[in-house]
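Me: I have a structure to read and want to learn how to go through it. Can we take it feature by feature?

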Amino acid sequence: MKKTGSILASIALAASLLAGCSANGGKQDADGAIQIGLAAPISGTQAQYGEAFKNGAELAAKQVNDAGGIDGKKVKIVIQDDKGDPHEAVNVANKFVTDKDILAVVGHFNSSATLATAPIYNKNKIVEISPSSSAPAVTNAGEYTFRVITTDAFQAAYLADWSKELGYRKVALIYEQSDFGLGLLDVYKEAAPKNNIEIVAAESYNPGDKDFSTVLTKIKEKQPDAIFIGGFYNEAALIAQQAQKLGLKTDYIGVDSLYSEALLELGGDAVENMKLIGFFYPGGDNEEATKFAEAYQTAYNSKPDTYAAYAYVATSVVIEAIKHNGADREKIKEYLKTLHDYKGPTGVLSFDENGDVVTTPERLTIRNGAFELYQ
Amino acid sequence: MRSRAGRFAIVGLLILLPLLLQQIDDYILHIAIIIGIYAILSLSLNVIVGYAGQFALGHAAFYGIGAYTAALIMLHGSASFWLALAAAAAVTGLFGLLLGSPVIRLRGDYLGIVTLGFGEIVRLIFVNWVDVTRGPMGLPGIPAPSLFGHAFTEKIEFYYLILALVLLTYFIINRIVHSGIGLNLLTIREDETLAQSVGIRPNPYKLLAFSLGACFAGVAGAYWAAYISYVSPDSFRYLDSVNILAMVILGGTASLPGSILGAILLVLAPEILRYMNDYRMMLLGLAIILMMIFKPSGFWGEKHRKYNFYGLAQKGGRK
């Protein structure tokens, strides 16, 4: 019995090894194709975003290929799973940089993964363009590290300006205890005095928290004009609903991570009039966004979320770089450095000298259970 | 393995290995380095789980404490890697002792739960103690180790460093577990009452196992910090603890070569299975389940029964 077991086990292992070899061998078939790496959390707790990344990036490649490719060559997206874990991300980065056919890498999702892998990409002089890593530290990660999402700092500063225009005097902050939430908190707090805003409370929560009644009761006493939510849509919807139950009447203002259909579904009428900024808003002034949303709907039969749009943009600018400057790692970087006013579904974008994106968000609000442009 | 020549052959082979691998690529060299890190982690956990029989689930916490200690010392104290390595080992060893003191009164499942809690607490401290750890933002820009003024930049240099650390870990743990201390640990593991009745006090030995295991996990952490040059809390999650425990059990508890084998298997398998895309982790899980059904004592575990504790063939014991 024992022998059978070990034989079985060894056969299984050997088979998977062989399969691995043949898969590697099969790679040569794709010879001639232009290969772009995509590092995303395909498995693990963030797999939903990995899926969005994959769909967005593959749609960009598909559109180019349907139009005849780049100089007749097809674009191929090579996907590797980083599980949203810095350990895995570093493995993936090493795999990409040693594969000479990979011209640039779209990824990673988490800021921690992007930061852990940045030294590898920069040492090997290959562009890493993150669709979603918004941590301020990514700015200084290296000259080959780019991103198409604005930093948390930018969003918070923008919101502070907008708060002033809206006439808010007393603002309470509720933020997620993460690099994201803390980054927003710091910048908003700093910008507040300049905009005549008094911060009356700053309360944190952990991602996944469900009960905000304690926090909201504290805030209710301060009677703020608005609550600034530095977190994601799930918690934002809960905060608005629980505040409504407590009889706390106030405005809400938040960052683009709140912008999701799920906010409307979860929040119901509690999120009515919530003010937020968004970069990807189909159906508005940005034609590219509308076009992308339609193409995505046709390809996957579902609505794209912000991350799919960002992944699409990141892949598109790399493709754009290859079109203009040729299939060369170094030249892709040079092109991105000079990219100016690129029109994509997340707005008109350029890169600054640190590889950070420069763009203007759309001001949105919720009316009758739907997002619309704030007038 | 048992013969001196065999051991030298393996060490010699490992030293020459990168020359072969470098012809292939940096990625494989990187995987070899990761195997080295996990080999140290599983060897150190084996002291706690395998030899002392303490079911601990928070090993990633020690790994993390080591990484953060080394990172902070190198960034703020601008100390050299070697000093940071020693400090990380000492600090984590101390934490092992601290955790050990209250939990040696617990056994089995209860111990598992408490160590699990410890792992979570440590991770939450990394996340929330923003002034020191910069919270979830992590600590970037950790300098690389340097030797005689030469800073490590190439993968091959890191490979030899981890190889030296693995050999050192193996040597020290091997000497300890094959000494009277190891024999006492095994006695305690098998039957605590019996151990006490023959004059072995369990508590000091369990504490020793905890601090020894923690200490080497700290070494691995310090190496990781210097190798990647960035540490963040999500590198030291509960899942990583489970992964290390799986290496120990898959390789065979109370077997040092087994721990290394476990590390090799569980680092290599997910990489080899990359071509499976979405099914990768599922297949790995399936392989582990099958493995546990057909070979519950791990790949190298059975060896343990063929030889007695001092590495002699069992027939010597039978007489």
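Me: Is strand 8 (residues 226-230) of chain A mostly covered or mostly open, and how is that judged?
Reply: Count neighbours. A residue is buried if 20 or more other C-beta atoms lie within 10 Å of its own, exposed if 12 or fewer, and partly exposed in between, with C-beta atoms placed from the backbone. Helices (H or I, at least four residues) and strands (E, at least two) are DSSP runs, numbered from the N terminus. Strand 8 of chain A is mostly covered, with 5 of its 5 residues buried. This is a predicted model: local features need pLDDT of at least 70, side-chain atom pairs count only at pLDDT 80 or more, and totals for chains, interfaces and linings use all residues. Residues are numbered from 1 along each chain as its sequence is written, while chains are lettered from A and ligands numbered from 1 in the order in which they are written.

Me: Which residues lie on each side of strand 8 of chain A?
Reply: In a regular strand, side chains alternate between the two faces of the sheet. Here A:A226, A:F228 and A:G230 take one side, A:I227 and A:I229 the other, and all are buried.

Me: Which strands pair with strand 8 of chain A?
Reply: Two strands pair if DSSP finds at least two bridges between them. Strand 6 (residues 170-176) of chain A runs parallel to strand 8 of chain A, joined by 5 bridges. There, A:I229 is the bridge partner of A:I174. Strand 9 (residues 251-254) of chain A also pairs with strand 8 of chain A in the parallel sense, over 4 bridges. A:A226 has A:D251 as its bridge partner in strand 9 of chain A.

Me: What unit do strand 8, helix 8 and strand 9 of chain A make?
Reply: Look along the strands. A crossover is right-handed if, with the strands pointing away from the viewer, the path from the first strand over the helix to the second runs clockwise. Strand 8, helix 8 (residues 233-245) and strand 9 of chain A make a right-handed β-α-β unit.

Me: How many residues of chain A are in contact with chain B?
Reply: Two residues are in contact if their C-beta atoms, placed from the backbone, lie within 7 Å. By that test, 34 residues of chain A are in contact with 34 residues of chain B. Helix 1 of chain A gives the largest share of the chain A side, 10 residues. By class, that side has 17 nonpolar, 13 polar and 4 charged residues. Ala, Val, Leu, Ile, Met, Phe, Trp, Tyr, Cys and Pro count as nonpolar, Asp, Glu, Lys and Arg as charged, and the others, Gly among them, as polar.

Me: How is chain A divided into domains?
Reply: Domain bounds come from an automatic or database domain assignment. Chain A has domain 1 (31-150 + 288-358) and domain 2 (153-278). Their C-alpha centres lie 30 Å apart. In contact are 8 residues of domain 1 of chain A and 10 residues of domain 2 of chain A.

Me: Which residues have a positive phi without being a glycine?
Reply: Among them is A:K83, with a phi of about 55°. A:K83 lies in the loop between strand 2 and helix 3 of chain A. A:K83 counts as buried because it has 26 C-beta neighbours inside 10 Å. Another is A:N273, with a phi of about 75°. A:N273 is in the loop between helix 9 (261-267) and strand 10 (275-278) of chain A. A:N273 counts as partly exposed because it has 13 C-beta neighbours inside 10 Å.
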